[in-house]
Amino acid sequence: MKRIILFLLAVITLASCKPTSTIITSKSEAMKRGIYHAPEYKKTATASTKTSSKKTEPKAEPKKAVVSGSRINDKNDDDYVINVDDSSYLVQQLINAASEQLGARYRSGGTTSDGFDCSGLMFSTFKKFDITLPRSSVEMARIGRVLDEDDIRKGDLIFFKTNGRRTINHVGMVTEVTDEEIKFIHSSTQKGVVISSTKEPYYGRTFAQANRILE
């Protein structure tokens, strides 16, 4: 009789310990209830592992900007161009480098943060990336490729004739292009290093050309 009582007590204890909660506390429990299943890509990967002994090659790391040793042109032997696929990265770095000088004063012949003239800002900015440009704006306008207005993009050099003559005497670097305007960073004699727009009557009127230095 004692054994029967003990057996009945054990059955009652087990019944009282049976989980009745609807809370799912593990992935395996969810799979048993049909609530969770392995993602399809995992199933596919598992199947291919069983049927093929070919090793999966690791994915290649994304390429970083690389400056090649190709010259821009024969007139400027120290210039360099970059791989076309990586040009957007270098262009953004050039814009960032020039933008760090926003607010610097204008200084004739200047190439440092103590003051820049227009070509000095471009010269020093490109030099940071081992790209040597000619020192004057008129000489810069003779290198690279002269662009149609609808082909201008970020990183191109933009030139102006602000002295009332037919000679280019001012240069900046394009920072933004829209259907209505071109924004560019430059060192102006009045305000120092600023970002201006071709929508401003003065620059719209004196615009001369834009050149692509980095192909």
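The buried residues of helix 5 are Cys-118, Ser-119, Gly-120, Leu-121, Met-122, Ser-124, Thr-125 and Phe-126, where buried denotes under 20% relative accessible area, exposed over 50% and partly exposed in between (1.4 Å probe, protein chains only). The model is predicted: local features need pLDDT of at least 70, side-chain atom pairs count only at pLDDT 80 or more, and totals for chains, interfaces and linings use all residues. Residues are numbered from 1 along each chain as its sequence is written, and side-chain values use heavy atoms, with hydrogens and water left out. Helices (H or I, at least four residues) and strands (E, at least two) are DSSP runs, numbered from the N terminus. Because eight of the ten residues of helix 5 (residues 118–127) are buried, this helix is largely enclosed by the rest of the structure.

Five aromatic pairs are present in the structure. Rings of Phe, Tyr and Trp (its six-membered ring) pair if their centres lie within 6.5 Å; planes under 30 degrees apart count as stacked, over 60 as edge-to-face and the rest as tilted. Phe-160 and Phe-184 form a tilted pair, at 4.9 Å centre to centre and with 35° between the planes. This pair links distant parts of the chain, with Phe-160 in strand 4 (residues 157–160) and Phe-184 in strand 6 (residues 182–188), 24 residues apart. Both Phe-160 and Phe-184 are buried.

The ring centres of Phe-184 and Tyr-203 lie 5.3 Å apart with the planes at 80°, so this pair is edge-to-face. Distant parts of the chain are again linked, since Phe-184 belongs to strand 6 and Tyr-203 to helix 7 (residues 201–206), 19 residues apart. Phe-184 and Tyr-203 are both buried. Ring pairs join Phe-160, Phe-184, Tyr-202, Tyr-203 and Phe-207 into a cluster.
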